[in-house]
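Subject: Structure for your review

Dear colleague,

Please find below the structure I am handing over to you. My findings on its helices follow.

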Amino acid sequence: MKTDIWMKQNMPSMENKTVAISGATGGIGQELCRHLASLGASLLLLDRNSERSNAWIEKLKAEFPALNAKHLRLDLADFDTVKAVTEELLKSTPDYLIFNAGAYHVPRYTTSVGHDNVFQINFLAPYYMARTLLPAMKEKSGRIVAVGSIAHNYSHIDLNDIEFLTRKQSSKIYGNAKRFLMFSLFGLDESKTVAVAHPGITLTNITAHYPKVIYALIKHPMKVIFMSPRRASLSILAAMVQDAKKNEWFGPSLFDVWGLPKKKLLRTCSDEEAKQICQMAAEMIADLAQK
Ligand SMILES: NC(=O)c1ccc[n+]([C@@H]2O[C@H](COP(=O)([O-])OP(=O)(O)OC[C@H]3O[C@@H](n4cnc5c(N)ncnc54)[C@H](OP(=O)(O)O)[C@@H]3O)[C@@H](O)[C@H]2O)c1
């Protein structure tokens, strides 16, 4: 089935709905913005680079002249902006909040609140925002959608190295953070208000982390082999409008990599591990509240 037909058959009008989306200037984020603009949604772009985000709004407006779109600066590695944006969203709560931003192979450092930046960007900051905004989102019958990854399955939590500070492999460090994100959100036990989706594999900046020569060789085959970001983003849209139970996520139907969105039950984390993740997440948030 073509992407446009899936959109017509599965997505309601988003007129009078506001969608706040992080990582809106990224590969998948841009396609999400296009899909949502085509449905009439008002967009709030939560990006760390204001110039790029505002330029993207201008491009979108050229494509969708009736679009109502604004930008708020959010750097998930900078907790001051995370708190400020959360305050703004509490004052004016969107109908949908999509945690789409993510970082994979980036230089690591300790953030001002004492966490590993990859852990904070992919897990701690969106978790803090989701937890703080949950009552307001619930009140509005809104939905929070977090973008997870099949990479969550490359890691299991390590109580002696929660943020994987001693690990060197990006896939494991990123996978650990996504695992925390996904299972801490399932643990909020709000299956109607919180949903998890993943795009499978699609060529964007996040997948372009190979050495230059290797990337030049694999770029075009990858484009052919994997779904386009436009199609891969459909699973995130499905998670906005379809209901799921705890531990169910939305992703491509075939081997989690190709095909249209399908809801699947995750059996990749034991109840015991999920409980530990939720406990650690709650402790980290309590600690952040003191800062
Ligand atoms: N592509 C895939 O195959 C794949 C597979 C599984 C999951 N995902 C997930 O899909 C989501 C979208 O990724 P993508 O593929 O579209 O990659 P992308 O093109 O690299 O986009 C990532 C987005 O995240 C933003 N971001 C990174 N660090 C940030 C920070 N500190 N604060 C705020 N925003 C930040 C980036 O902003 P800048 O432009 O400013 O860097 C960019 O807009 C991510 O959560 C990713 O983990 C992707």
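The crossing of helices α4 and α5 is right-handed. In this predicted model, α4 comprises residues 79-91 and α5 residues 117-139, and their axes come within 10 Å and cross at roughly 20°. Because angles under 35 degrees count as roughly parallel, α4 is roughly parallel to α5. On the α4 side, the contact is made by Val-82, Thr-86, Leu-89 and Leu-90. The α5 side contributes Ala-125, Tyr-128, Met-129, Thr-132, Leu-133 and Ala-136.

I then turned to helix α3. This helix runs over residues 50-63, and its 14 residues should span 20 Å at 1.5 Å a residue; the end C-alpha atoms are 20 Å apart, which agrees. Which residues of α3 are buried? They are Ser-53, Trp-56, Ile-57 and Leu-60. These residues cover an arc of only 105° around the axis, so they lie on the same side of α3. In general, an α-helix has 3.6 residues a turn, so residues three or four places apart point the same way. The covering of the buried residues of α3 includes α2 (27-38), β2 (42-47) and β3 (69-73). On the other side of α3, the residues Glu-51, Glu-58 and Ala-62 are exposed.

Finally, helix α6 covers residues 170-186 and has 17 residues. From its first C-alpha to its last, α6 reaches 24 Å, close to the 24 Å expected at 1.5 Å a residue. Helix α6 is mostly covered, with 14 of its 17 residues buried.

With kind regards

Definitions and conventions: Residues numbered from 1 in each chain as written. Predicted model: local features only at pLDDT ≥ 70, side-chain atom pairs only at ≥ 80, totals over all residues. Helix = DSSP H or I, 4+ residues; strand = E, 2+ residues; numbered from the N terminus. Expected span 1.5 Å × (residues − 1). Buried ≥ 20, exposed ≤ 12 C-beta atoms within 10 Å, placed from the backbone. Arc of directions from axis to C-beta. Contact = placed C-beta atoms within 7 Å. Axes fitted to C-alpha atoms, helices over the stretch in contact; angles between N-to-C directions. Parallel < 35°, antiparallel > 145°, perpendicular 65-115°, else oblique. Left-handed = near helix turned anticlockwise from the far one by under 90°.
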